[in-house]
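Try each task before reading its solution.

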Amino acid sequence: MTDASAPTPIGSGARQGKHATSLYAEDARTKKRNAAEKRFQAYGIAAISIGIFFLVVLLVSIVRSGIPAFTQTFIEVPVYLDAAKLDKNGNRDPDDLRKVSTFGYAPLIDNAIFAAVQDAGLTTEFEKAKDMRAMISASAPAQLRDYVLANPSEIGKTVEFKILASSRVDGYMKGRVTRESVARDKNIDAAHFDLIDQLVETGDVERTFNWDFITGADASESRPEQAGIGVSMIGSFFMMLVVLCLSLPIGVAASIYLEEFAPKNRFTDLIEVNISNLAAVPSIVFGILGLAVFIQFAHLPQSAPLVGGLVLTLMTLPTIIISTRASLKAVPPSIRDAALGVGASKMQAVFHHVLPLAAPGILTGTIIGLAQALGETAPLLLIGMVGYIATNVPDGIAAGFLSPNSSMPAQIYEWSKRADPAYYERAWGGIIILLLFLMTMNIIAIILRRRFERRW
Amino acid sequence: MPLSLLLAIILVIAVVGYVLGRQRALASAGGDSRGLHSLPVYYGSNVLLSVIVPAFGFLILALILIPVYIDSHVSSMITEADVREGSSLGLVMAEVRRVAEGLDNAVQIGAMTEEMASGARADFTDMTARLKDAGQVITGDVTVNILQAAQEYRASSKMLHTAMVVLAIVIALAGLAFGYTRTDKDFRARNVVEKVILALLIAAASVAILTTVGIILSLIFNTVEFFRIYPATEFFFGLTWSPSFSGRGGLSELGFVPLLWGTLYISFIALAVAVPIGLFAAVYLSEYATPRVRAIAKPALEVLAGIPTIVYGLFALLTVGPLLVSVFGRDGLGWMGGASSVMTAGLVMGIMLIPFVSSLSDDIINSVPQAMRDGSLGLGATKSETVKQVILPAALPGIVGAVLLAASRAIGETMIVVMGAGAAARLSMNPFEAMTTVTAKIVSQLTGDSDFSSPEALVAFALGMSLFVITLGMNILALHIVQKYREQYD
């Protein structure tokens, strides 16, 4: 009855006018709102694309710059091991042979290459055998000497050698060094490259896979063609051994206490606060701690993998504790209750039932913590792992822990600081190896999680 | 006796103890394990633990205390006269240790007999000559007094070491006897073993506290030492950073301000890159993305977080730096001098922080209750309006916390700035200039052979202390904000 007298809503006439055509036609405001919606979504897509774009650029530049480090240029040449120069007394006495230094061997290689060039009838402006030296690595005479000392009977014969080319030649083969870029280089001339081009055609110069880069030792600043990452890999291995042997038991024990036994009191609160803060302390601060406590106070040897391992242990402990606690927490209370119900003590319930069920999670967390420790560099700089040239493979296990060594990331940093651009290629190559290790570890962690993790 | 042999002996004693304890328990129950209070394993473990725990505890204590004792004992022998101008007691002690080591080596290779090396009446010139013959480095700083101190050092360390070995074995055997005699069928072995294990668990948990204490002590001691040589006000308010490497202080100006400025500037650029990208990515992933896109994009972004910082450092140094120079350098706009600059380091650090911001924000956005979204959408808001006007305000405290955590990461980041930001400390607004940061300077002051007594080396500890305090403050604030926020919806 009031319907008729009900007042027409204010402005309804105007609105009807607006929708005069169709309800489905968008008005200006709706259009604006929909456009804003589209824009907003586009921002999100753009953000993710930028992130993934960066990832791709990063990976591409690593692979593109690092792959050349895995091949190396060698010169194959028959070298006449001149008895008159190597063994003046002619009695093949090892002591006498040892007296001839690498300086005595260098001319043999020069002559051999020069002879090979002339025999093949290659055109070159060089007239002296000594000019050939720019093309071979400074390590080549040592290679020859080692061979002769090992096989004295070969003296006086002509032996085929695969000699490491110098880094400039190697760079030329890989396109890093050009004729223009060596215009002011005292070590090598563009004419050498002409000769190299001809030698490539005759098959005497070739690029082959470089196992020495993966297994070899670091070399001095002037011999990038010889440097390898193998020894620092051993250093990293010993460091990871220390980290694993300390951080796994300590981390698991601490997590078991905090998760299963700790009463709620000030002491446990203090531990909790400490762990969450340590997880966010900059890694360099752990380096300072290692320097002050392990080296300054405890007088442990500098640059030793043991010290590096201790520092990295302290750094990874929070990570391992946090992930272990999460996997302990994921074990349902019914397991504990059942164990306690059949008469197990609390300790037995935890160690016999909860811990085995949480083991896959703990293992995953540990592997991820180890991967983090493997890639960490900053604390190692402070305990002297940089600046040390890792040229010797440690002899024995004790030496592996205690004698100075480098580690993979520290070695990469060391290479990146050197002046010769040939070392940059090595640094990228080292990164490929480091990332391969990290990838393997992470994949193992993922597989473990997929395969063994139970959901209750 | 080498330490590893001693450890092996103790372990053998422990294993013997395990077997004996188990047998004795079973024997006391007449060979029937049902008569025992605990399982036989616990009787064995009880003896094992009573061998290992005291013996290893003693060893750890001894290994820490013996060097401290010897140092203080020997350094009391050194007179004022031995400490030369510009030297310090620490350096002289290092010399003493080196001579002692030299004597050891000389005896080992047979250049010197044992009596000769430790004889109190040995002729000084003869000794040094023999040491040199043995290939040991003897500098002119070695005086008669230092040689005697070194002999004393050797003698007392040898004596204490022998005492330690004997005592450790005695303690292990005593533990064996104690555990063995306690073993009986009514002995509550399980309770005892479990108590010991609990104590070990607590000890493991305390490592976290010890680490913090270690960090704080090592920073404080050296920082106090630094402020004794260098005035604190000049450090905190000094506007120039120019350490002198040749002289022993005096000429060095070690102002904190330019380093702090470089750190903050680089972190600001990093956050300016990471926060918008990370936040938009998080919003898209949690609100718009289909499960398939999410399953691919989220791990892909998180790969960025798993890449070690040395890789980012090299990327900055060799890829991003030269790229920026080709655009902004002399051939381009002319703003940039070299490859290392605030911009280089900031950009790369920003890339590193993207996954950090995005996954933290993602968690926080996901924990906003669905009811709030439904309410907003029900009122007719579009999805983006819901995000902007409902979800983000609700998640804001958490996001602020995430950004703070990212900022503390940026401030503490080392490798990227060491390799990408340059080495010159500068107070400038130009982001294309090279600047340096607190962390980069800690590295450069502490690498190499520094003796920890010059202000140039000690300043690194003061820098570390400042860094620790700043990041700790930010972390505590961030965790507090995040936690407070989480509680709202739980």
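**Exercise 1.** In which helix of chain B is the place of Leu360(B)? Then decide whether Leu360(B) is buried or exposed, and find what it touches.

Solution. A word before starting: this is a predicted model.
- Step 1: look along chain B for helix H12, residues 342-366, which holds Leu360(B).
- Step 2: count the other C-beta atoms within 10 Å of Leu360(B); there are 21. A residue is buried if 20 or more lie within that distance, so Leu360(B) is buried.
- Step 3: set aside residues up to four places away in sequence, and Leu360(B) touches Ala402(B) and Leu405(B).
- Step 4: for a sense of scale, go from Leu360(B) to Ser50(B): they are 310 residues apart in sequence, and their C-alpha atoms are 47 Å apart in space.

**Exercise 2.** Find the largest nonpolar core and name the residues with the most contacts inside it.

Solution. 
- Step 1: the largest nonpolar core has 187 residues.
- Step 2: the residues with the most contacts inside this core are Leu314(B), Val348(B), Val357(B) and Ala406(B).
- Step 3: helix H9 of chain B (residues 257-288) supplies the largest share of this core, 18 residues.
- Step 4: take Val348(B) as a case. Leaving aside neighbours within four places in sequence, its contacts include Tyr312(B), Phe315(B) and Ala316(B), along with Val320(B), Ile416(B) and Gly420(B).
- Step 5: now turn to a second, separate core, which has 31 residues, among them Leu144(A), Ala165(A), Val177(A) and Leu195(A).

**Exercise 3.** Describe the overall build of chain A, and work out why it is called more spread out than a compact globule.

Solution. 
- Step 1: chain A contains 19 helices and 3 strands.
- Step 2: its radius of gyration is 34 Å, whereas the globule rule gives 23 Å for 456 residues; the value is well over the rule, so chain A is more spread out than a compact globule.
- Step 3: the C-alpha trace of chain A spans about 130 × 75 × 40 Å along its principal axes.
- Step 4: 42% of the 456 residues of chain A count as buried.
- Step 5: consider contacts in chain A between residues at least 6 apart in sequence; 78% of them join residues at least 24 apart.

**Exercise 4.** Where in chain A does Ser303(A) lie?

Solution. 
- Step 1: Ser303(A) lies in the loop between helix H12 (283-297) and helix H13 (305-329) of chain A.
- Step 2: Ser303(A) is not a glycine, yet it has a positive phi of about 60°.
- Step 3: Ser303(A) counts as buried because it has 22 C-beta neighbours inside 10 Å.

Terms used. Residues are numbered from 1 along each chain as its sequence is written. Chains are lettered from A and ligands numbered from 1 in the order in which they are written. This is a predicted model: local features need pLDDT of at least 70, side-chain atom pairs count only at pLDDT 80 or more; totals for chains, interfaces and linings use all residues. A nonpolar core is a set of buried Ala, Val, Leu, Ile, Met, Phe, Trp, Tyr and Cys residues joined through C-beta atoms within 7 Å. A residue is buried if 20 or more other C-beta atoms lie within 10 Å of its own, exposed if 12 or fewer, and partly exposed in between; C-beta atoms are placed from the backbone. Helices (H or I, at least four residues) and strands (E, at least two) are DSSP runs, numbered from the N terminus. Two residues are in contact if their C-beta atoms, placed from the backbone, lie within 7 Å. The radius of gyration is taken over C-alpha atoms; the globule rule is 2.2 Å times the number of residues to the power 0.38.
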